[in-house]
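Please open the structure in your viewer and keep the sequence beside it. The tour below moves from one selection to the next and says what to look for at each stop.

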Amino acid sequence: MTMEDIPDIMLIEHEAFTLPWSEEAFRNELTHNHFARYLVMEHKGSLIGYAGMWNIVDESHVTNIAIRTVYRGLGLGKRLLRAMMDWAIELGMLRMTLEVRISNLAAQSLYSKFGFYPVGTRKGYYSDNHEDAVIMWCELPQREYGEEEEGSEWD
Ligand SMILES: CC(C)(COP(=O)(O)OP(=O)(O)OC[C@H]1O[C@@H](n2cnc3c(N)ncnc32)[C@H](O)[C@@H]1OP(=O)(O)O)[C@@H](O)C(=O)NCCC(=O)NCCS
């Protein structure tokens, strides 16, 4: 993700989330947050999805992942999450965590396919409707040095 992507990110953000991040928040992520890594998914020159994480020591915290509504259900969320997990592994991360709304069964199902498991809840985490967050963790598979890149553990 670059600064030029942010206007398109705003479209996805407002479509996907009831508590969307601001342009300023994304600018800050790209310029000041040294822990942050963001990637975008493009189709025919248009931005159709993005995902982000904070990598701290050996733990990666997913900040957000979203696919434009018309492109959902086509396997692109899986591709995007796989790409971000591969990136985290490359960066030396051992574990990944995230929070997800307790009502967001689609996202929970996506995460569980990649080895995420629930470990608890944060009560009233979301300020719009005080919904609980499910906390999920996953152990990232580690590649031996020189191991073939092709094929992920979760293919
Ligand atoms: C969550 C999100 C990124 C998934 O992207 P997607 O491209 O639709 O997902 P995929 O087509 O790759 O599907 C991946 C898996 O997610 C689950 N899933 C996706 N849509 C689903 C739905 N409507 N109902 C139930 N499960 C669903 C399934 O487990 C699916 O795997 P399957 O195809 O093998 O059944 C997308 O729905 C989205 O942008 N949602 C809004 C933002 C959001 O909630 N982000 C997560 C915040 S924690």
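Predicted model: local features only at pLDDT ≥ 70, side-chain atom pairs only at ≥ 80, totals over all residues.

Begin with the ligand and the 19 residues around it, among which Arg72, Gly77, Ala106, Ser109 and Leu110 come nearest. Then colour strand E3 (59-67), helix H3 (76-90) and helix H4 (105-113), each of which supplies at least two residues of the shell around the ligand; H4 gives the most, with 6 residues. Sorted by class, the shell consists of 11 nonpolar, 5 polar and 3 charged residues.

Next, select helix H1 (residues 6-16) together with helix H2 (residues 23-31), whose axes come within 10 Å and cross at roughly 125 degrees, and the two helices are therefore oblique to each other. The crossing in which H1 passes H2 is right-handed. To see the contact itself, show Ile6, Ile9 and Met10 of H1 along with Glu23, Phe26 and Arg27 of H2, a set with 4 nonpolar, no polar and 2 charged residues.

For the last stop, turn to the backbone, where most residues other than glycine have a negative phi. Select Val57, in the loop between strand E2 (46-56) and E3: Val57 is not a glycine, yet its phi is positive, at about 55 degrees. Val57 counts as exposed because it has 9 C-beta neighbours inside 10 Å.

Finally, go to the loop between strand E5 (117-122) and strand E6 (133-139), where His130 lies. His130 has a positive phi of about 60 degrees, although it is not a glycine, and with 9 C-beta neighbours inside 10 Å it counts as exposed.

Note on methods. Residues numbered from 1 in each chain as written. Near = placed C-beta within 6 Å. Helix = DSSP H or I, 4+ residues; strand = E, 2+ residues; numbered from the N terminus. Nonpolar A, V, L, I, M, F, W, Y, C, P; charged D, E, K, R; others polar. Axes fitted to C-alpha atoms, helices over the stretch in contact; angles between N-to-C directions. Parallel < 35°, antiparallel > 145°, perpendicular 65-115°, else oblique. Left-handed = near helix turned anticlockwise from the far one by under 90°. Contact = placed C-beta atoms within 7 Å. Buried ≥ 20, exposed ≤ 12 C-beta atoms within 10 Å, placed from the backbone.
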